[in-house]
Every structure is written in C-alpha cells, then in structure tokens.
Amino acid sequence: MTLTPRKLNAYTMFKLPAAYFCGVRTKHIDNDKCLVTVKHKWINQNPFKSMFWAVQGMAAEFSTGALMIGKIQDSGKRVSMLVTSQTASFTKKATGRIIFSCKDGHLIDEALKKAIATGEGQTLWMESIGLNQDGVAVSTFKFEWSIKVKS
C-alpha cells in the first residue's frame, strides 16, 4: 500500500485525533521527504498568541514518522519503531501556516537495511524544520528513532 497525504490525514483523524483537531495535515510524501503543515489558530495557540510548542512537535514528529512508516511498509518486514529522544529549538514566533519538512528518507534506508541484515535494533536521528509563510525557520526538531525487526 502506497502512503498518500490523504491516507495519512485519515490516519491522524482516527488514530491521532489531537493532532487532527489541532490542524496537523500531510501535504506531500515521497521516498525522500515529507511535508506536514499546521496553521496557527485559536485551538492550538499559547497565551502569547503564537502556536503552542507541542503542536509544532506533533507536526514535526509526524513528518519524520510518516517517512518511517512508509519505508517499513515497503520493506515487507514487521518492524517496531519508537521515538527514544527528542530535541527542539525555537527561533521565531510561530504564527500563520507552518510547514514542517523532513528530508531524511535516505537515513531510514540505511538503518532499516542494517536492522534487517543483523537482526539488531538500530537508532537514527531525523530532523524536521518548520518554516513560516515567508520561508523563515521558526523551529527545528530532531527525533531519535529506534527500529527493530520483530521476530
């Protein structure tokens, strides 16, 4: 099954309702990158009239996780995945529409290949950068993913 933005958005509606109600939407996914957007609005704002950091985190994590899900499906193996660590930096107020992009699909290929070959768990760091409508970075998230082939 090929992942599409429509399928991923339906997935968020049923499996991640908090992300869906906050406006997290997948706009593009291919073999190497995933774009996820979220728009600043009343339901996802903080007291300072900008987007709450956790909403940005949901969108950023989903941009990395959707790539991971797609690669695991393509492998045909049963593989568990888990975020084991995360860091973030915030450089500008997040208002308007924020686009989170992850371009680390190639890193998943390497880790997945090694996990399948060795049977051992692997970890990899993936980055998602949130840009506002002017193309200015508002936040950068890094997630450490752990993957392991199920026996």
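Which helix does Gln56 lie in? Select Gln56 and you will find this residue in helix 3, which spans residues 53–75; helices here are DSSP runs of H or I with at least four residues, strands are runs of E with at least two, and both are numbered from the N terminus. The model is predicted, so local features need pLDDT of at least 70 and side-chain atom pairs count only at pLDDT 80 or more, while totals for chains, interfaces and linings use all residues. Residues are numbered from 1 along each chain as its sequence is written, and side-chain values use heavy atoms, with hydrogens and water left out.

Stay with Gln56, which counts as buried because its relative accessibility is 4% (buried means under 20% relative accessible area, exposed over 50%, and partly exposed in between, with a 1.4 Å probe and protein chains only). Beyond residues up to four places away in sequence, its contacts (heavy atoms within 4.5 Å) include Phe90, Phe100 and Phe141.

Six strands form an open sheet in the order 1-2-4-5-6-3, with antiparallel pairing, where two strands pair if DSSP finds at least two bridges between them. Strand 1 (25–29) and strand 3 (79–90) stand at the edges with a single partner strand each, so one side of each is left without a neighbour in the sheet. Strand 5 and strand 6 run antiparallel and are joined by ten bridges, and Gln122 has Ile147 in strand 6 as its bridge partner.

Finally, colour the aromatic rings, which form five pairs in the structure; rings of Phe, Tyr and Trp (its six-membered ring) pair if their centres lie within 6.5 Å, and planes under 30 degrees apart count as stacked, over 60 as edge-to-face and the rest as tilted. Phe52 and Trp53 make a tilted pair, with 5.8 Å from centre to centre and 50° between the planes; Phe52 is partly exposed at 36%, whereas Trp53 counts as exposed at 51%. Phe141 and Phe143 are stacked, with 6.0 Å between centres and 5° between planes, and both are buried.
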